[in-house]
Amino acid sequence: MKLATSGTILAGKLALEHGWAINLSGGYHHAKPHRGEGFCFFADIPLAIKKLPVETARVLVVDLDAHQGNGFQSIFAAIGQDEQGRSEVEYVSHPEVAILDMYNQYNYPRDSFAKGFITYDGAVSAATSESQYFDILNQLLPQALTEHQPQIVFYNAGTDIYEKDPLGGLNISADGIVRRDELVFRSCRDLNIPIAMVLSGGYTSASAGIITSSIINLHDKGLIHLE
């Protein structure tokens, strides 16, 4: 997990240099400043943002894992109190960070404190169809990119939204996940915004194949290039 966290830090640097990067791990979005949660020990995305050049002043985190990213939502609270009333540790003193999070609102972690720090909230449920899911994403993503004007996007690309995933509780097909990743990459690449993708959750044997298909599709569509 330490190596995967280093991979996310490197992905941020490479995305700024080349326009894109993918860490085939990472996305530990439940880890909080003072404790781990939900299979997550290290807050890799906040640490990667902390390592960005100081001139990278605006960052957007797009979290499309099936679970609310309550860890970095708490970390990015500039001033706040955690659920025990103790002051939060602030990992990031610069840049300005906005969060777009689409998640199953009836699934773990249901963290009401952290939810208050979601900038673009796309709460969905098991009843949300694939068509409805894309309607929400097609509304929130352009809004976030236009309003926040990020200099880099960290994309938490969980495959646990897959319809057969036992922990996600959502109903997105394998083809839908490939389409989702293409939408996020195309939206960023068309605006010349660097994007660093991490894999986050995925709890079926199908996840590896879905990720492979998605990356191949990104290459075939000209959204990523091997140099």
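This is a predicted model: local features need pLDDT of at least 70, side-chain atom pairs count only at pLDDT 80 or more; totals for chains, interfaces and linings use all residues.
Trainee: How many helices and strands does the protein have, and in what order do the elements run?
Mentor: Helices (H or I, at least four residues) and strands (E, at least two) are DSSP runs, numbered from the N terminus. On that basis the protein has 7 helices and 6 strands. From the N terminus on, their order is α-β-α-β-α-β-α-β-α-β-α-β-α.

Trainee: What is the strand order of the sheet, and which strands lie at its edges?
Mentor: Two strands pair if DSSP finds at least two bridges between them. The sheet is open, with 6 strands and parallel pairing, in the order S1-S6-S5-S2-S3-S4. Pairing on one side only marks the edge strands, which are S1 (20–23) and S4 (120–124).

Trainee: What is the average twist from one strand to the next?
Mentor: The axes are lines fitted to C-alpha atoms, for helices over the stretch in contact, and angles run from 0 to 180 degrees between N-to-C directions. From one strand to the next, the twist averages 10 degrees.

Trainee: Which residue of S6 is the bridge partner of Ile 22?
Mentor: Strands of a sheet pair through backbone hydrogen bonds, either parallel or antiparallel. S1 and strand S6 (residues 195–198) run parallel and are joined by 4 bridges. Within S6, the bridge partner of Ile 22 is Met 197.

Trainee: Which strands does helix H5 lie across, and at what angle does it run to S3?
Mentor: Helix H5 comprises residues 130–148 and lies across S2 (58–63), S3 (96–104), S4 and S5 (152–156). Relative to S3, H5 runs at about 175 degrees.

Trainee: Is Ala 15 buried or exposed?
Mentor: Ala 15 lies in helix H1 (residues 2–18). Contact means heavy atoms within 4.5 Å, and beyond four places in sequence Ala 15 touches Trp 20, Ala 21, Ile 152, Pro 194, Ile 195 and Ala 196. Buried means under 20% relative accessible area, exposed over 50%, and partly exposed in between (1.4 Å probe, protein chains only). Because its relative accessible area is 0%, Ala 15 is buried.

Trainee: Which side chain makes a polar contact with that of Asn 23?
Mentor: Asn 23 is in strand S1 and counts as buried at 11% relative accessibility. A polar contact is a pair of N or O atoms within 3.5 Å; within protein, one must be able to donate a hydrogen and the other to accept it, and residues adjacent in sequence count only if both atoms are side-chain atoms. At 2.9 Å, the partner side chain is that of Thr 8.

Trainee: What separates the C-alpha atoms of Gly 122 and Gln 68?
Mentor: Gly 122 is found in strand S4 and is buried at 2% relative accessibility. Gly 122 and Gln 68 are 54 residues apart along the chain, and their C-alpha atoms are separated by 9.8 Å.

Trainee: What are the phi values of Gln 149 and Asn 192?
Mentor: Gln 149 is in the loop between H5 and S5 and is partly exposed at 49% relative accessibility. Asn 192 is in the loop between helix H6 (174–190) and S6 and is exposed at 70%. Although neither is a glycine, phi is positive in both: about 50 degrees for Gln 149 and about 60 degrees for Asn 192.

Note on methods. Residues are numbered from 1 along each chain as its sequence is written. Side-chain values use heavy atoms; hydrogens and water are left out.
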